[in-house]
Amino acid sequence: PEHWKDHYTLCLNLYHKCAESEYCNGNFMVAKEILVCIMSNAKYDNEKFRAKSLLVKLLSSQGKNVDAFDLGLSMLAESGKAFPRHPDISIIQKEITKTKNMLKGKNVDDIVAHKNVKEKEIAEIMDFMETFMMIAYHINAMIIPLVSSRMIQWSLLYGVCASTPFAFVGFSISL
């Protein structure tokens, strides 16, 4: 449509807010149509990621957790943060050990005082991974230690964000 060309940023933001509103009001079909429109008009991967993130929540709200899980795995792979659908126990142990080693010598005050994440893309992926962990709990809980471990690793490397505490909850449950 012409308005996407003439007023791209405005359209992107309005359509996304509209999709969120429809989702919150339980109008899932309308929300999905709007999200499809966003994904077909979005110029950048991070804008598509944002729309797909809401689509994952929408699918889960409809009880389509397998579809939400599969879409989530696909999104993470597309963003360079791939996870195996059925992780081997040795991979899980390796990630937990790596995370424990990164946390060695750190206390709660060190983590709280850690820098905030500056890269918007990392913060968006971390926020999505919080949602993804909740869905994974119903489909394949074995992936939760991997996701939470990597979230903690990224928090230590790139900075903490609103999803960092959730990562520690997932990690502690995994131990």
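## A quick tour of a predicted model

The side chain of Glu 22 reaches the side chain of Asn 27 in a polar contact of 2.6 Å. Keep in mind that this is a predicted model, and let's look around from there.

Glu 22 belongs to helix H2, which covers residues 8-24. Is Glu 22 buried or exposed? Glu 22 is buried, and yet this residue has no salt bridge. The nearest side chain of opposite charge belongs to Lys 17, and that one is 14 Å away. A salt bridge would need the charged atoms within 4 Å. Setting aside the neighbours within four places in sequence, Glu 22 is in contact with Val 30, Ala 31 and Ile 34, as well as with Asn 27.

Now for the cysteines. How many disulfides does the structure hold? The count is zero. For Cys 11, the closest cysteine sulfur sits in Cys 37, at 8.4 Å, and that is too far for a bond. Cys 18 is in no disulfide either, with the sulfur of Cys 37 as its nearest cysteine sulfur, 10 Å away. For a disulfide, the two sulfurs would have to be within 2.5 Å. Here is how exposed these two cysteines are:

| Residue | Relative accessibility | Class |
|---|---|---|
| Cys 11 | 7% | buried |
| Cys 18 | 33% | partly exposed |

Next stop, helix H10. This helix runs over residues 164-174, and its buried residues are Thr 164, Ala 167, Gly 170 and Phe 171. Why do these four end up on the same side of H10? Because they cover an arc of only 115 degrees around the axis.

What do the buried residues of H10 pack against? Their partners are three helices: H6 (89-103), H8 (120-139) and H9 (144-158).

Leu 175 counts as exposed, because its relative accessibility is 59%, and the cut-off for exposed is over 50%. Even so, Leu 175 has partners from elsewhere in the chain: leaving out neighbours within four places in sequence, Leu 175 is in contact with Ile 96 and Lys 100. Take Ile 96: Leu 175 and Ile 96 are 79 residues apart along the chain, while their C-alpha atoms are separated by 8.3 Å.

Definitions and conventions. Residues are numbered from 1 along each chain as its sequence is written. This is a predicted model: local features need pLDDT of at least 70, side-chain atom pairs count only at pLDDT 80 or more; totals for chains, interfaces and linings use all residues. Side-chain values use heavy atoms; hydrogens and water are left out. Buried means under 20% relative accessible area, exposed over 50%, partly exposed in between (1.4 Å probe, protein chains only). Helices (H or I, at least four residues) and strands (E, at least two) are DSSP runs, numbered from the N terminus. The arc is that of the directions from the helix axis to the C-beta atoms. Contact means heavy atoms within 4.5 Å. Lys and Arg count as positive and Asp and Glu as negative; His and the chain ends are not counted. A polar contact is a pair of N or O atoms within 3.5 Å; within protein, one must be able to donate a hydrogen and the other to accept it, and residues adjacent in sequence count only if both atoms are side-chain atoms.
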